[in-house]
Amino acid sequence: TVILTPVIRDQVTMHLTDLFQEAKFEIISSEASYLRSLNVLVSQFANSTKLRHNAQVISPEDWAAVFSNIYQVKLIITILSWTRNSRVKILSNLAHF
């Protein structure tokens, strides 16, 4: 068992808190980037009538293989992102009491 002085324990706690904040920022940034990419994929490609209804560009089978689940994925990622953001706000508010 390692016994830490209060000063060392505080420094370790601060360092771990900083690491946690950095990790949280990376996760939030990655989620936001992924959601932006999904939005582009849906708006520019999946919703494109030029692609979807033009078999010379992409066959209906290929369109379905590429885009069939993209709307559900986008919905789930949006919900998860919103839920995580709500939890972070709630926890931040609770921390201030």
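Which charged end sits over the ring of W63? The charged end of R52 does, 3.9 Å from the ring's centre; a charge counts as sitting over a ring if NZ of Lys or CZ of Arg is within 6 Å of the ring centre and within 35 degrees of the ring normal. Before we look around, please keep in mind that this is a predicted model, in which local features need pLDDT of at least 70 and side-chain atom pairs count only at pLDDT 80 or more, while totals for chains, interfaces and linings use all residues. Residues are numbered from 1 along each chain as its sequence is written, and side-chain values use heavy atoms, with hydrogens and water left out.

**Overall layout**

- The protein has 4 helices and 0 strands, where helices (H or I, at least four residues) and strands (E, at least two) are DSSP runs numbered from the N terminus.
- Read from the N terminus, the order of elements is α-α-α-α.
- Of the 97 residues, 11% count as buried; buried means under 20% relative accessible area, exposed over 50%, and partly exposed in between, with a 1.4 Å probe and protein chains only.
- The accessible surface comes to about 8,000 Å², and 65% of that belongs to carbon and sulfur atoms; these areas come from the Shrake-Rupley method with a 1.4 Å probe, and for residues only the protein chains shown count as cover.
- Among contacts with a separation of 6 or more, 66% come from residues 24 or more positions apart, a contact being heavy atoms within 4.5 Å.

**Helix α1 and its partners across the chain**

- Helix α1 has 41 residues and reaches 57 Å from its first C-alpha to its last, close to the 60 Å expected at 1.5 Å a residue; the expected span is 1.5 Å times one less than the number of residues.
- The buried residues of α1 are L35, L38, V42 and A46.
- L38, in helix α1, is buried with a relative accessible area of 4%.
- Leaving aside neighbours within four places in sequence, L38 is in contact with I70, V73, K74 and I77.
- I28 also lies in α1, which covers residues 6-46, but I28 is partly exposed at 29% relative accessible area.
- I28 and S81 are 53 residues apart in sequence, yet 8.3 Å apart in space, C-alpha to C-alpha.

**T78 in helix α4**

- T78 belongs to helix α4, residues 70-95, and is partly exposed with a relative accessible area of 34%.
- The C-alpha atoms of T78 and L35 are separated by 7.2 Å, although these residues are 43 residues apart along the chain.
- T78 and L38 are 40 residues apart in sequence and 9.9 Å apart in space, C-alpha to C-alpha.

**The aromatic pair**

- The structure holds 1 aromatic pair, meaning rings of Phe, Tyr and Trp (its six-membered ring) whose centres lie within 6.5 Å, with planes under 30 degrees apart counted as stacked, over 60 as edge-to-face and the rest as tilted.
- W63 and F67 form this pair, which is tilted, at 5.3 Å centre to centre and 45 degrees between the planes.
- Because W63 and F67 are 4 residues apart in helix α3 (residues 60-67), about one helical turn separates them.
- W63 counts as buried at 7% relative accessibility, and F67 counts as buried at 5%.

**The nonpolar core**

- The largest nonpolar core has 7 residues, namely L38, V42, A46, I58, W63, F67 and I70; such a core is a set of buried Ala, Val, Leu, Ile, Met, Phe, Trp, Tyr and Cys residues joined through side-chain atoms within 4.5 Å.
- The elements that give two or more residues to this core are α1 and α3, and α1 gives the most, with 3 residues.
- I58 touches L51 and W63, not counting residues up to four places away in sequence.
- In soluble globular proteins, nonpolar side chains tend to be buried together.
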